[in-house]
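Reader: I'd like to learn how to read a model like this one. Can we go through it feature by feature?

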Amino acid sequence: MALLPILKFPDPRLRHKAVPVAVVNDEIKTIIADMLETMYEDNGIGLAAIQVNIQKQIIVMDISDDKNDPKVIINPEIIDAKGNELMSEGCLSVPGIYAEVPRAQEIQVKCLDREGNSQEFSADGLLGHCIQHEMDHLQGKLFIDYLSPLKRERIRKKLEKVRKQNF
């Protein structure tokens with residue numbers, strides 16, 4: 001397994017759209033293992049392949065307190081959504097920034113699992129928000145896109161200032 005570099009906003013590669021995975025093979029399983037290691041190392045709860053500059057529809061997540069319940073969804077599709085709620089979100093690609101984002105309260109997801117098997121399940125609460133957040137990444141969208149242009153510009157400037165201080 002290997003740690004992968006996580007792209008940071010405003011990197012334009014975060015705006016790329018992911019392509020579906022044709023077949024879950026050893027290469028895809030290695031990507032999944034590397035993504036999980038990277039997510040755990042950065043103390044995240046979700047990571048989309050786009051965030052590590054891989055343009056494939058792969059998401060890894062683990063919302064458990066003990067970080068021992070990894071979930072993998074490939075080629076996800078929301079086939080039903082109900083309700084609306086706000087939840088504070090953060091992102092490994094937008095470090096240190098949190099904002100309230102509107103999401104569906106409950107979603108029905110169709111996808112492939114890490115073995116390539118088709119599955120369908122319902123998700124709500126933190127898991128539902130996490131899936132929707134990571135699926136946005138697969139479309140080149142960030143949670144800060146839900147904010148006003150002024151707030152996004154402030155965030156961009158703040159992150160650029162931090163990046164300059166770290167070099």
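Reader: Let's start with strand pairing. Which residue in β7 does Q108 stand opposite?

Author: First, some ground rules. This is a predicted model, where local features need pLDDT of at least 70, side-chain atom pairs count only at pLDDT 80 or more, and totals for chains, interfaces and linings use all residues. Residues are numbered from 1 along each chain as its sequence is written, and side-chain values use heavy atoms, with hydrogens and water left out. Helices (H or I, at least four residues) and strands (E, at least two) are DSSP runs, numbered from the N terminus, and two strands pair if DSSP finds at least two bridges between them. Now your case: Q108 faces S122 in β7. Strand β6 (residues 106–112) and strand β7 (residues 118–124) run antiparallel, joined by seven bridges.

Reader: And how many residues sit between β6 and β7 in their hairpin?

Author: Five, and G116 in that turn has a positive phi of about 90°. On accessibility, buried means under 20% relative accessible area, exposed over 50%, and partly exposed in between (1.4 Å probe, protein chains only). G116 has 28%, so it counts as partly exposed. Its C-alpha is 9.9 Å from that of I28, which is 88 residues away along the chain.

Reader: Through how many residues does the hairpin join β4 to β5?

Author: Two. Here, six bridges link strand β4 (residues 85–91) with strand β5 (residues 94–103), again an antiparallel pair.

Reader: Which residues other than glycine have a positive phi?

Author: Among them are K67, with phi near 55°, and N75, at about 50°. K67 is in the loop between β2 (58–61) and β3 (71–82), whereas N75 lies in strand β3 itself. With a relative accessible area of 27%, K67 is partly exposed.

Reader: What about omega: which residues does a cis peptide bond join?

Author: F9 and P10, with omega about 15°. P10 is in the segment before α1 (26–41).

Reader: Next, cysteines. How many disulfides does a search of the whole structure find?

Author: A disulfide is a pair of cysteine sulfur atoms within 2.5 Å, and the search turns up zero. Take C111: the closest cysteine sulfur, in C130, is 13 Å from its own, so that is too far for a bond. C130 is in no disulfide either, with the nearest cysteine sulfur, that of C91, 10 Å away. C111 is buried at 4% relative accessible area, and C130 is buried at 5%.

Reader: Is H137 buried or exposed?

Author: Buried, with a relative accessible area of 0%. H137 sits in helix α2 (residues 125–138). Contact means heavy atoms within 4.5 Å; leaving aside neighbours within four places in sequence, H137 touches L14, H16, A48, I50, Q51, C91 and L142. For H16, 121 residues apart from H137 along the chain, the C-alpha separation is 8.5 Å.

Reader: Last one: which residues lie nearest the centre of the largest pocket?

Author: The general idea is that rolling a probe the size of a water molecule over the atoms shows where empty space is left. A pocket, on a 1 Å grid over the protein atoms alone, is an open set of points where a 1.4 Å probe fits, with protein on both sides within 12 Å along at least five of seven lines; lining residues have an atom within 4 Å of a point. Here, 22 residues line the largest pocket, and I45, E89, G90, C91 and Y98 lie nearest its centre. The elements giving two or more residues to that lining are β4, β5 and α2.
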